[in-house]
Amino acid sequence: MRAAARPDLIAARDRIAHLAGQCGQDPAEVLSVERLGHLSGIEPELIPQVLAGTAAEVPLERRVHERFLRLRATRRDKHGREWSLAAIAEDFDAPGASLGPLNAGTGLPRLGHAAGVQRFFGVYAGFLLADSRSAVERALAAGPDGPAAADDLDHLSYLSGLTPQAIRLTLDGHPPRLPLREQVRLRFEHLRRTRPRADGRPYSLTAIAGSFDASGQSLTRPARGEGLPNLAAAAGIQRFYGVEGGFLMADDAEALAGVLGCVESELRSVRAGGTGGENPMLAVLRAHDVRSIVTRAGRLSPAGWKSLADYLDELLAREGRPVPREPEPGTTGPGGGDGARVPGGEEAP
């Protein structure tokens with residue numbers, strides 16, 4: 001299997017500890033197993049073993065199941081409740097029952113469902129599934145040689161799988177939106193073209209599929225844009241080429257390496273006196289997106305403003321960044337009447 005060499009996680013941890021000290025931050029807090037576990041989806045008690053390279057490899061089906069349960073447990077709604085399967089699936093126009101096998105650990109979800117789950121919870125979806133904005137954001141923050149420059153479109157293209165033109169549109173606040181099937185085809189084609197064999201020719205579908213014990217024929221339709229690969233095939237393609245598999249699919253070492261890369265990027269930005277730890281993509285897009293959002297929000301009624309604030313609280317909670325809310329006058333708890341999704345009852349596994 002032709003995958004990238006295992007990342008040196010100990011070296012990355014030591015660099016981050018040194019950078020944290022230079023930035024006046026507590027290395028123990030920056031590198032706490034609770035924080036790393038929350039960001040990566042790895043159980044905190046396993047982080048030391050993953051760092052040391054002694055953790056057992058978990059089968060994909062079990063890993064995806066456990067990561068999904070962890071997302072539900074750690075990214076709750078604004079009232080502190082787990083999101084129901086129906087509420088999660090509704091976000092990508094699917095029935096809640098379609099997530100039953102994933103929730104129970106009895107089967108893998110379809111690729112589109114995996115993309116929808118990751119998008120719902122605001123976690124990185126991996127090379128093949130990330131939308132344009134997330135892909136560019138990741139490339140800006142965590143290139144293999146450190147943060148990439150926003151004007152180096154060719155390098156960002158290599159890292160993200162987007163064309164330079166698509167990256168420019170994304171940086172200008174107008175990310176292109178493609179059907180998932182076409183996006184996966186283009187990203188897969190990009191991998192084959194930009195990461196060739198030693199003789200400069202693309203790897204055959206047979207060679208790629210053989211790395212995860214499948215037939216080359218199983219990748220023919222996805223390569224033509226006539227269908228999506230299954231989740232195991234998507235994970236295998238990403239591992240073959242050594243690109244990030246996303247929150248649900250990455251193995252523990254890959255997931256932790258991605259998180260450490262982003263933490264290191266933030267600290268380097270702080271040390272350089274840049275964005276103060278702000279996400280690089282947010283700094284690039286601020287002038288466009290914030291102005292656009294404020295302009296549209298200015299036309300809202302008072303009830304609309306409340307609905308917007310409630311929905312932002314839900315998004316923050318879903319991404320693990322809940323904002324404490326003060327009870328409204330005359331109430332004893334969080335205000336009701338929001339205009340956002342209200343989670344329903346819990347389904348049985």
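1. The structure is a predicted model, in which local features need pLDDT of at least 70 and side-chain atom pairs count only at pLDDT 80 or more, while totals for chains, interfaces and linings use all residues. Residues are numbered from 1 along each chain as its sequence is written, and side-chain values use heavy atoms, with hydrogens and water left out.

2. D93 is found in the loop between α6 (85-90) and α7 (100-104); helices are DSSP runs of H or I with at least four residues, numbered from the N terminus. Its phi is near 55 degrees, a positive value in a residue other than glycine. Most residues other than glycine have a negative phi. D93 is exposed, with a relative accessible area of 77% (exposed means over 50%, buried under 20%, and partly exposed in between, with a 1.4 Å probe and protein chains only).

3. D213 is placed in the loop between α13 (205-210) and α14 (220-224). Although D213 is not a glycine, its phi is positive, at about 60 degrees. The relative accessibility of D213 is 77%, which counts as exposed.

4. H113 belongs to helix α8, residues 111-121. At 12% relative accessibility, H113 counts as buried. With neighbours within four places in sequence left aside, H113 is in contact (heavy atoms within 4.5 Å) with F92, A94, S98 and L99.

5. The side chains of H113 and S98 make a polar contact at 3.4 Å. Such a contact is a pair of N or O atoms within 3.5 Å; within protein, one must be able to donate a hydrogen and the other to accept it, and residues adjacent in sequence count only if both atoms are side-chain atoms.

Notes:
Helix = DSSP H or I, 4+ residues; strand = E, 2+ residues; numbered from the N terminus.
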